[in-house]
Amino acid sequence: MDSRELAKRIRKHALRMTSRGGSSHIAAVLSMADVVAVLYANVLRVDPERPRWSDRDRFILSKGHAGAGIYAALAESGFFPVEKLDTHYQNGSDLSGHVSHKGVPGVEFSTGSLGHGLPVGTGMAYAAHLDSKQHRVFVLLSDGECDEGSNWEAILFAAHFKLRNLVAIVDYNKIQSLGTVAETLALEPFVDKWTSFGWEVREADGHDHGALRSALSAPSSSGRPVCVMAHTTKGKGVSFMENTVLWHYRTAKGDEYDRAMTELDRP
Amino acid sequence: MRNAFVSELLELAIADPRILLITGDLGFGVFEEFARRCPRQFLNAGVAEQNMTGLATGIALEGRIVFTYSIANFPSLRCLEQIRNDAAYHDANVKVVSIGSGFSYGQLGMSHHATEDVSILRALPITVVSPADEWEVRQATRALVATPGTCYLRLDKSKAPPTHAADEIFTIGRSRVVRQGTDLTIAAMGAILEVALEAADDLAKSQGIRTRVLSVHTVRPLDIDAIVAAARETGGLITLEEHTVDGGFGGAVAEALLERGAIPRAFLRVGLRVGFCSAVGSQNHLRALYGMDKAGVIANVLRMLQKQ
């Protein structure tokens, strides 16, 4: 499946899953759907037949609230049956709102509290470096999540130890929990911050699959860890969800659901 | 205790390349030999305990046994959520080591008093060990390497005198009877066992009171059988911890006894009851201030026996 088709399916699954279960964070999934699709379709060396294959690339979703998108990507990539997605957020399910690895093949790490993924991914990259392994470690963060100091501890560490096998991707949609990033805790000049901490930063349109493919695929050219700053639109693909704070929380029901699905279904 | 831990871990690390020791930029004069002899198994993560613990989890999930090290509450409470969500939830082989339990760093002030860590960490599904003497430290270090999953090792600046038999076997989760007795029991957690031993010896000599003393080095999982036996076979039970009594070792013992229906004739938790300590003083000074010294324990024993 090509990345475009995968992205479309991730968005549709996530809309269906969050609506059925009445869960939040659909806009956060729509924001990162293209990044995740390019990762699973073109970049990550993973094998659904061997989810714990030791040479696999590691992928951690640090913005765990967008877990529905990872479950959808994994199911569509063959890690478990697509039907399992119907259990999302339901009583007795393995698929919790924030991404959990227990009972879900392919989930590398459970998150939900922000600021946890990058330190752990840094540890995985450090271990690979110690063992002279060739696989890479990818961590997808939200922009609001970069308020967490633990990330900056890891950013310091990864640069100091020149973990060139580590890629941090920021889903930079410029909206966080209660307002815009600029209004909440300004991150700009954001790229400069990562650069000054010693990372190799690549900016890309977070919905341009070609641009994402090259930004995510190319190995570090500087021997330093890589940050892919993916400029995204929160709620991407559903006009009335785009660039709003509301759809960080709201669940699409009834007519809203139908309209959203119609938009996502467009070729 | 610290040197016993580091020298034991060094021996283990030389034999097992999976062992990695990460310090949060503390341990001046302690780790030099370890770093020199096992340079690929030693790492200074800087003053960044949240990252240190997440990092340790990531490394552990790739097949290593990772010890994180710092003092007082820094490797535990500062990064509690990393211990909970990252290490423990993922069953990662992360061994959190804190040096400076209780009032070990008495004069350094409240920030350096580790007086709630056991209550908080025993609520997590991890192994919690607070050894009493250097032998227990060495044995516990060895045992934790062999214990899968996340563990907490609480080290003290002071230590109880050795009480082990030459052929004694140390087991995580199994307490040690270090003085036999039938009149009452003092169950101690950690290096303050020294006080329990002194009190027991004094009571035997001066009053002919036969005190059973237990070294309960593992708080989780707790050796319920030994505690129930002590409650049933002796006249009363005192728990002793250099730690808050709220939810701590004594709390764990009380929970276990009540659920087993083994109610001692008398029961008392000796520990910190005043919240935070802002008094300045050495470990012994602060123990005495809060009734956790020999005199305080003896007074409590006599009061308890008198009531019966």
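This is a predicted model: local features need pLDDT of at least 70, side-chain atom pairs count only at pLDDT 80 or more; totals for chains, interfaces and linings use all residues.
**View 1. Where chain A meets chain B.**
Let's start at the place where the two chains touch: 18 residues of chain A and 21 residues of chain B take part in this contact. On the chain A side, helices α4 (117-130) and α5 (149-160) each supply at least two residues. Helix α4(A) has the largest share of that side, with nine residues. By type, the chain A residues that touch chain B comprise 10 nonpolar, seven polar and one charged.

**View 2. The largest nonpolar core.**
Next comes a core of 177 residues, in which Ile22(B), Ala188(B) and Ala196(B) touch the most other members. Helix α2 of chain A, residues 26-43, is the biggest giver to this core, with 15 residues. In chain B, domain 1 (2-155) and domain 2 (176-307) both contribute residues, so the core lies between them. In soluble globular proteins, nonpolar side chains tend to be buried together.

**View 3. The surroundings of Ile22(B).**
Here we zoom in on one member of that core. Leaving aside residues up to four places away in sequence, Ile22(B) touches Leu43(B), Ala45(B), Met52(B), Leu55(B) and Ala56(B), along with Val66(B), Phe67(B), Thr68(B) and Tyr69(B).

**View 4. The two domains of chain B.**
Chain B is divided into domain 1, spanning 2-155, and domain 2, spanning 176-307. Their C-alpha centres lie 26 Å apart. Where the domains touch, domain 1 of chain B provides 23 residues and domain 2 of chain B provides 31 residues. The domain 1 side includes at least two residues each from α5 (117-121), β5 (127-129) and α6 (134-146) of chain B. Strand β5(B) gives the most to that side, with three residues. Sorted by type, the domain 1 residues facing this contact are nine nonpolar, 10 polar and four charged.

**View 5. Strand β11 of chain B and its partners.**
How many of the residues of strand β11 (237-244) of chain B are buried? The count is eight of its eight residues, and the strand is described as mostly covered. Strand β8 of chain B (residues 184-189) runs parallel to β11(B), and five bridges join the two. In this pairing, Ala187(B) stands opposite Thr239(B) of β11(B). Five bridges also join β11(B) to strand β12 (residues 267-272) of chain B, again running parallel. Look for Leu240(B), which stands opposite Val270(B) in β12(B).

**View 6. A β-α-β unit in chain B.**
Finally, follow the chain from β11(B) through helix α9 (residues 249-260) to β12(B): these three elements make a right-handed β-α-β unit.

Key: Residues are numbered from 1 along each chain as its sequence is written. Chains are lettered from A and ligands numbered from 1 in the order in which they are written. Two residues are in contact if their C-beta atoms, placed from the backbone, lie within 7 Å. Helices (H or I, at least four residues) and strands (E, at least two) are DSSP runs, numbered from the N terminus. Ala, Val, Leu, Ile, Met, Phe, Trp, Tyr, Cys and Pro count as nonpolar, Asp, Glu, Lys and Arg as charged, and the others, Gly among them, as polar. A nonpolar core is a set of buried Ala, Val, Leu, Ile, Met, Phe, Trp, Tyr and Cys residues joined through C-beta atoms within 7 Å. A residue is buried if 20 or more other C-beta atoms lie within 10 Å of its own, exposed if 12 or fewer, and partly exposed in between; C-beta atoms are placed from the backbone. Domain bounds come from an automatic or database domain assignment. Two strands pair if DSSP finds at least two bridges between them. A crossover is right-handed if, with the strands pointing away from the viewer, the path from the first strand over the helix to the second runs clockwise.
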